[in-house]
Amino acid sequence: MADVTAMLEELGDTAPLTAESAAARFAARGWTPGGKVRAGVETSWDKNAVGGWIQTLGGGVVRVSFFVWFRDVDASGYFDDLDAVYEEGEQALADFLPEIEESPLAGRLVEAEQTEADRDEFVKLKKWIFGGRILTAGVIQHDTDLPVMVMVTLEPPGTT
């Protein structure tokens, strides 16, 4: 997980954060491109079983996300015990949070208030302000037939 905190540290110091500058940071840190090029920029990256994505939201606004834990649906296309999977995700999040909170980032993090939209989107989360951007780590499942993941996202305020 040190790969994620190292990337977050670099991205937090990147101004302006563009898709091109984020892709350059991924490449410089030895992440492997995933072959998802959009507008001439590689947007999908992998390193040590962690995935990273660059998403341009419009107007040049960029969100960078990482998945640090992933649990796919079972053979039925769903989870037999979704609560148990959420508990696994919450434990994976609890195991990962010290990687952020005890990293070189720690002195630059200011805990941020969770919004109702955050609580609707995430099963469990922690949120900070970091370098003028919002850093969120949380357990998420976008739809019932999609995986449960622990995601870490860095984005400008007001983009969710």
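In this predicted model, α1 lies across β4 (44-47), β5, β6, β8, β9 and β10. Its direction makes an angle of about 170° with β6. α2 lies across β4, β5 and β6. Here the angle of about 170° is with β5.

The strands themselves come next. Eight of them form an open sheet. The order is β1-β4-β5-β6-β10-β9-β8-β7, with antiparallel pairing. Strands of a sheet pair through backbone hydrogen bonds, either parallel or antiparallel. β8 and β9 are joined by eight bridges, in the antiparallel sense. W128 has its bridge partner in β9, namely L135.

Now the core. In soluble globular proteins, nonpolar side chains tend to be buried together. The largest nonpolar core in this model has 38 residues. F66, I100, L135 and V152 have the most contacts inside it. At least two residues each come from the helices α1 (2-12), α2 (19-28) and α3 (82-101). The strands β5 (50-58), β6 (61-71), β8 (122-130), β9 (133-140) and β10 (148-155) also supply at least two each. α3 gives the most, with seven residues. Apart from this core lies another, of six residues, including F67, I140, M149 and M151.

L135 ties these themes together. It is the bridge partner of W128 and one of the core residues with the most contacts. Leaving aside neighbours within four places in sequence, L135 is in contact with L8, I100, L109, K126, K127, W128, F130, V152, T153 and L154. Two of these, I100 and V152, are also among the core residues with the most contacts.

Notes: Residues are numbered from 1 along each chain as its sequence is written. This is a predicted model: local features need pLDDT of at least 70, side-chain atom pairs count only at pLDDT 80 or more; totals for chains, interfaces and linings use all residues. Side-chain values use heavy atoms; hydrogens and water are left out. A nonpolar core is a set of buried Ala, Val, Leu, Ile, Met, Phe, Trp, Tyr and Cys residues joined through side-chain atoms within 4.5 Å. Buried means under 20% relative accessible area, exposed over 50%, partly exposed in between (1.4 Å probe, protein chains only). Helices (H or I, at least four residues) and strands (E, at least two) are DSSP runs, numbered from the N terminus. Contact means heavy atoms within 4.5 Å. Two strands pair if DSSP finds at least two bridges between them. Axes are lines fitted to C-alpha atoms, for helices over the stretch in contact, and angles run from 0 to 180 degrees between N-to-C directions.
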